[in-house]
Amino acid sequence: MCTLERRGDLFIITLTGDDEHWIGPPFISSFLSLLTQINSQATPGSVLITTSHGRFFSNGFHLPWAQSAASKSAARDRILHMVHIFKPVLAALLSLPMPTIAAVSGHAAAAGFALALSHDYVLMRRDKGVLYMSEIDLGFTLPDYFAALMRSKIGSASVRRDVLLAGMKVNGETAVELGITDAAHDGGEALMEAAVAMGEKLAKRKWEGEAYAEIRKSLYPEMSPLLNELSGKL
């Protein structure tokens, strides 16, 4: 489901397999466990890269699992449960004491988009994959911390409108033009090479991790209540 590799100062989490990398309870537990491990091993110069195998970075919350419940109310309860238990993942990433890079090698939808956007830097493939907030098309409301994340990370109100209220699917090139991501690369190999090169460049700065995390928090004051509530769980 998720694997962790260490290359010198770089910690690399890979969402494994060729499925849609649904974000359900097992995924969340696995991802949080790896973040806890990384946090415990962090040193000045550490960097996290998150990437994936297959066509999807992540297709969001595990809706097939929710829809397999015995009733509509039970399905809704499962969705609300995922919304609740995913919140610590974003808090953990935003308080992690090192730079973070998402190498988005495929589609990232809804919670998968939020997962990518919770990193400091977001790189995409130019030839494959889109960012997509599917809530409006599915008839779902937006979790409060998703809205706060979007306001914190996407500077343009018109872009946020198109992403959240029009369900715009954003490819790699357009995401860079709109200021959502940092770069787009031709193919998965080039993407990972760029992510590793960026990580190695950041690692050379040997920043003190706690200072880095505190400055990051100060950049996103709307997220502070989330961080204050949950960051201590790592």
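**Sheet and helix packing**

Modeller: In this predicted model, four strands form an open sheet with mixed pairing, in the order β4-β6-β8-β9 (strands are DSSP E runs of at least two residues, helices H or I runs of at least four, numbered from the N terminus; pairing takes at least two bridges). The edges are β4 (56-58) and β9 (170-171), each with a single partner strand, so one side of each has no neighbour in the sheet. Strands β6 (residues 107-109) and β8 (residues 130-132) run parallel and are joined by 2 bridges. Here A108 lies opposite L131 in β8.

Turning to the helices, α1 (residues 25-41) packs on α3 at about 20°, with the axes 10 Å apart (axes are fitted to C-alpha atoms over the stretch in contact; angles between N-to-C directions run from 0 to 180 degrees). The two are therefore roughly parallel (under 35 degrees; over 145 is roughly antiparallel, 65 to 115 roughly perpendicular, the rest oblique). P25, I28, F31, L32 and L35 of α1 touch α3 through residues including H81, M82, I85 and F86 (contact: heavy atoms within 4.5 Å).

Helix α3 (residues 72-94) also packs against α6 (residues 144-153), at about 30° and with axes 10 Å apart. This pair is therefore roughly parallel too. From α3, M82, V83, F86, K87, L90 and L94 meet D144, Y145, F146, L149 and K153 of α6.

Numbering starts from 1 along each chain as written. Local features need pLDDT of at least 70 and side-chain atom pairs 80 or more, while totals for chains, interfaces and linings use all residues; side-chain values use heavy atoms, without hydrogens or water.
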